[in-house]
Amino acid sequence: MDIPLPYYLCLSAALFVVGVAGVLTRRNAIVVFMCIELMLNSVNLALIAFSSFLGSITGQALVFFAMAVAAAEAAVGLAIVIAIYRNKQTVDIDAMNILKW
Amino acid sequence: MESLVFFFLAAFAVTTAVLMVLQRSPLVSAIYLIANFFALAALYLLLRAQLLAVLQIVVYTGAIMVLVIFVIMLLNLGDEARIHPRIAIRTWVTLVLAAGFLSEIAYVFSLAGTPAEGTALAGGAESLGTVESMGGALFGKFLLPFEVTSLLLLAAILGAVVLAKKKG
């Protein structure tokens with residue numbers, strides 16, 4: 001039996017919501033970063049599912065570019081985390097309030 | 001058989017994702033996220049996206065998560081004191097999101113009685129995700145975005161070096 005498309009979309013939405021919940025509740029900047037990666041991956045799953053069910057290569061090409069952007073984001077994001085840690089000796093996002101008013 | 005594999009992988013992916021969010025130690029969180037990425041790679045294989053399944057493991061678990069674990073160990077981060085913050089508004093937003101998601105699932109499964117499109121993979125799905133087909137697309141239709149991606153990666157390398165360099 002083939003798995004229908006809505007099942008993949010439900011799984012993708014579930015992973016996305018878990019990622020959002022992590023971003024909203026966690027306070028460690030690196031864990032927040034990992035939750036963002038999880039959200040990116042859930043969207044990748046939805047794109048690949050649509051691509052396979054529609055028989056079009058465009059979704060998979062988009063996932064390829066999303067992976068490249070995720071790699072670039074990882075490098076820059078972790079460099080920012082290291083720079084913040086060097087200044088404040090913490091990666092707690094509640095301690096990063098210098099731009100708040 | 002295939003649906004059995006799908007439900008096992010889906011349950012595994014959701015479980016590891018939830019455990020990742022609930023873990024206090026960032027290192028254990030990272031390990032759970034890696035397990036989640038492997039489940040997603042298997043799901044990509046189930047969708048006949050062979051190249052992306054390999055890239056998922058090579059790029060995400062092999063490069064990005066190694067970088068994340070490296071940074072966690074470099075900074076020697078301890079456990080978070082408390083996961084649930086005193087600010088109730090975040091918890092409420094999370095609850096509202098979860099409720100919206102549940103209603104969405106209920107809506108989708110209420111539609112399941114009607115015959116819908118997308119109950120089977122497209123006919124050419126097997127040959128769609130191969131290296132040959134992806135390469136043809138990337139160097140044909142998507143040549144310009146492909147080249148711009150290399151510029152993006154170059155900018156990311158330079159940015160990471162400049163940001164992480166010691167001021168001096």
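Biologist: Which domains does the domain assignment give for chain B?

Modeller: This is a predicted model, and for chain B the assignment gives domain 1 (1–81), domain 2 (85–112) and domain 3 (127–168).

Biologist: And what separates the centres of domain 1 and domain 2 of chain B?

Modeller: Taken over C-alpha atoms, the centres of those two domains of chain B are separated by 23 Å.

Biologist: OK, on to the inside: which residues have the most contacts inside the largest nonpolar core?

Modeller: Those are Tyr8(A), Leu43(B) and Leu52(B), in a core that has 67 residues. Among the helices that each supply at least two residues of this core are α1 (5–25) of chain A and α6 (131–138) of chain B, while the largest share, twelve residues, comes from α3(B). The core also draws at least three residues from each of domain 1 and domain 3 of chain B.

Biologist: What is Leu52(B) in contact with, leaving aside its neighbours within four places in sequence?

Modeller: Leu52(B) is in contact with residues of chain A, including Ile48(A), Phe64(A) and Met67(A), and also with Tyr44(B) and Met134(B).

Biologist: Switching to helix α7 of chain B, how many residues has it?

Modeller: Helix α7(B), residues 143–164, has 22 residues and reaches 32 Å from its first C-alpha to its last, which is close to the 32 Å expected.

Biologist: Which of its residues are buried?

Modeller: In α7(B), Thr149(B), Ala156(B) and Ala160(B) are buried, and because they cover an arc of only 25° around the axis, they lie on the same side of the helix. The buried residues of α7(B) pack against α3 of chain A, whereas Leu144(B), Leu151(B), Leu158(B), Val161(B) and Val162(B), on the other side, are exposed.

Note on methods
Residues numbered from 1 in each chain as written. Chains lettered and ligands numbered in written order. Predicted model: local features only at pLDDT ≥ 70, side-chain atom pairs only at ≥ 80, totals over all residues. Heavy atoms only, no water. Core = buried A, V, L, I, M, F, W, Y, C linked by side-chain atoms within 4.5 Å. Buried < 20%, exposed > 50% of the residue type's maximum accessible area, 1.4 Å probe, protein only. Helix = DSSP H or I, 4+ residues; strand = E, 2+ residues; numbered from the N terminus. Domains from an automatic or database assignment. Contact = heavy atoms within 4.5 Å. Expected span 1.5 Å × (residues − 1). Arc of directions from axis to C-beta.
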